[in-house]
Amino acid sequence: MAEKQMTQTIEDLTTVYKTLFLDLPLAGAKWGMGIGAEKETTETAWKAYDASVRLATSAIDTLYRSPLFGEAVSRTLTEALRWQRVGNAVSGTVLTGLWRALGVPTAAEVQGLSDQVRTLETRLAQKKDVQTILEQLRTLQVRLNAPSQAQYRNGHLEERAVA
Amino acid sequence: MFDLLQDLSSAWLNGAVRTLEGLRRGLTSPFPVYEDPSPTTPSEVIYEGGKLRLRYYRPVGRPQATPLLLVYALIKRPFILDLQPGNSIVANLTGQGFAVYLTDWIPPTQSDTWRGFDAYVNGDLVNAVSAVQEHAGVDQISLLGYCFGGLLSIIYAALHPETVKNFIPLSVPLDMSKQDIPLFNLAKKMDPSLLTDTFGNCPAWIIKAGFSSLSPVHHALDKYVGLYRHQDREGYAEMFELFEHWMNSDVPLAGQICRELTRDLFQHNLLAQGRLQVGGQTIDLQRITCPVLNVLGEYDDVVHPQASLPLTDLVGSDDKRNLVFPVGHIGVVVSSSAQKKLWPQVGAWLKKHDHVLH
């Protein structure tokens with residue numbers, strides 16, 4: 001696996017070098033002199049670009065795999081999270097009291113309320129749907145039960161003989 | 001040349017704004033459900049409880065007897081499974097005659113930090129399966145779990161095997177000793193407790209940062225260059241927009257399950273070793289005895305194929321096989337080749353283990 005990756009990296013490095021310093025200037029010059037096509041230049045440029053992206057990705061992967069980098073990131077994250085906790089604790093202690101004194105709700109309280117509103121909104125929307133269906137059903141029922149216009153004569157409901 | 005630079009910078013700026021928007025949403029509140037794009041396939045919610053909304057998609061034509069429950073991951077919105085006409089797993093499966101049910105997870109809030117595998121599997125998933133059983137009038141269901149949803153499904157299938165008729169894990173990170181993805185080296189060194197002690201839940205922006213870090217060159221540059229290169233291809237720009245919407249649809253992960261996932265699965269590999277405890281019970285994969293079709297992407301750069309393949313060796317089923325398809329992690333659900341070739345194969349396998357309703 002590692003050997004395959006190494007081969008690919010060397011291949012990409014060669015491609016980038018060859019296309020950037022040989023193929024691309026040559027294709028550009030030919031295009032400029034009117035003996036080459038634009039397509040050829042564009043294709044060469046994309047070839048160099050694709051190889052560069054693969055190279056950059058491979059370099060980043062190598063960095064991720066490095067134990068030193070892993071340790072550095074882990075330590076940085078740990079420290080950042082510790083400071084974030086200190087910040088949370090300080091703001092929680094100092095600001096919560098201050099907000100209470102000023103009568104301003106805390107972010108957690110606003111978040112809690114906002115969550116509740118969202119839940120209620122969803123439930124209300126569902127109830128509204130049910131309500132609409134019920135209303136439509138009622139209208140249908142009224143229409144079905146109501147005598148049709150043909151059954152009216154001179155504004156009076158015609159009584160039909162029951163056989 | 002000037003046009004090319006202008007197009008690229010404009011595409012990149014749009015992307016940067018979208019990323020910042022996603023970050024802002026992640027920092028302030030969970031991704032609101034109403035911001036999902038319009039669904040391709042009509043559905044109805046047949047159950048809502050805990051942190052789960054269960055969607056039902058009606059089968060087309062003569063229905064198969066066993067309904068199919070799709071268990072989606074907890075960390076992004078599930079609309080990727082029903083993205084656009086001609087690119088929807090849900091429509092593909094209902095079109096093959098399956099009644100499809102989808103777990104639409106409700107993002108956790110600060111009062112849900114206690115939720116771990118036990119709450120999601122023995123609580124929400126058990127309720128979801130009961131709802132499907134009642135709605136469809138069956139005793140057993142077919143279960144399909146994608147990625148993190150696949151992990152939940154594996155745990156469910158091992159704990160409640162009597163309710164599962166067929167099981168399809170899809171791109172599931174099972175054996176973490178073989179998860180040869182460079183970024184996981186960093187995850188292995190992280191202390192999840194410090195993260196959840198600080199934020200309660202794992203914030204959506206951290207999840208987004210993690211996914212973007214998997215391939216930073218792609219996310220910062222190459223995808224925009226790709227958009228420029230394929231601008232003439234019909235539907236590419238529309239698909240790009242939808243896909244970006246999904247990429248930014250991260251939701252927070254409940255504190256307890258974040259700790260369990262990082263510590264017990266990623267760092268100590270307890271599930272593959274048969275030592276994971278959920279709700280006081282050890283997860284023994286040998287208890288999964290139903291037919292299993294393990295589907296994975298050959299070029300998956302999020303879940304390494306080697307991490308998924310051992311599943312068939314670990315389950316207790318006699319009828320089991322791996323189906324390796326030449327796509328990446330997202331390609332198994334959205335690529336046109338998967339729609340045309342993979343999902344009909346999955347449907348055929350399911351039909352072979354089922355029958356049509358008369």
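Over the face of which residue does Lys76(B) lie, and at what distance from the ring centre?

Analyst: Lys76(B) lies over the face of Phe211(B), 5.2 Å from the ring centre; a charge counts as over a ring if NZ of Lys or CZ of Arg is within 6 Å of the ring centre and within 35 degrees of the ring normal. This is a predicted model, in which local features need pLDDT of at least 70 and side-chain atom pairs count only at pLDDT 80 or more, while totals for chains, interfaces and linings use all residues. Residues are numbered from 1 along each chain as its sequence is written, chains are lettered from A and ligands numbered from 1 in the order in which they are written, and side-chain values use heavy atoms, with hydrogens and water left out.

Phe211(B) is also among the contacts of Ile75(B) beyond four places in sequence, as are Phe148(B) and Ile207(B), where contact means heavy atoms within 4.5 Å. Ile75(B) itself is buried at 13% relative accessibility, buried meaning under 20% relative accessible area (1.4 Å probe, protein chains only).

Phe148(B), buried at 3%, leads on to the aromatic pairs, in which ring centres of Phe, Tyr or Trp (its six-membered ring) lie within 6.5 Å, and planes over 60 degrees apart count as edge-to-face. The structure holds 10 such pairs over all chains. Trp105(B) and Tyr120(B) form an edge-to-face pair, with 5.5 Å between centres and 80 degrees between planes; Trp105(B) is buried at 5%, and Tyr120(B) at 2%. Phe117(B) and Phe148(B) are likewise edge-to-face, at 6.4 Å and 75 degrees. Finally, Arg115(B) lies over the face of Tyr120(B), 4.9 Å from the ring centre.

Notes: Buried means under 20% relative accessible area, exposed over 50%, partly exposed in between (1.4 Å probe, protein chains only). Rings of Phe, Tyr and Trp (its six-membered ring) pair if their centres lie within 6.5 Å; planes under 30 degrees apart count as stacked, over 60 as edge-to-face and the rest as tilted.
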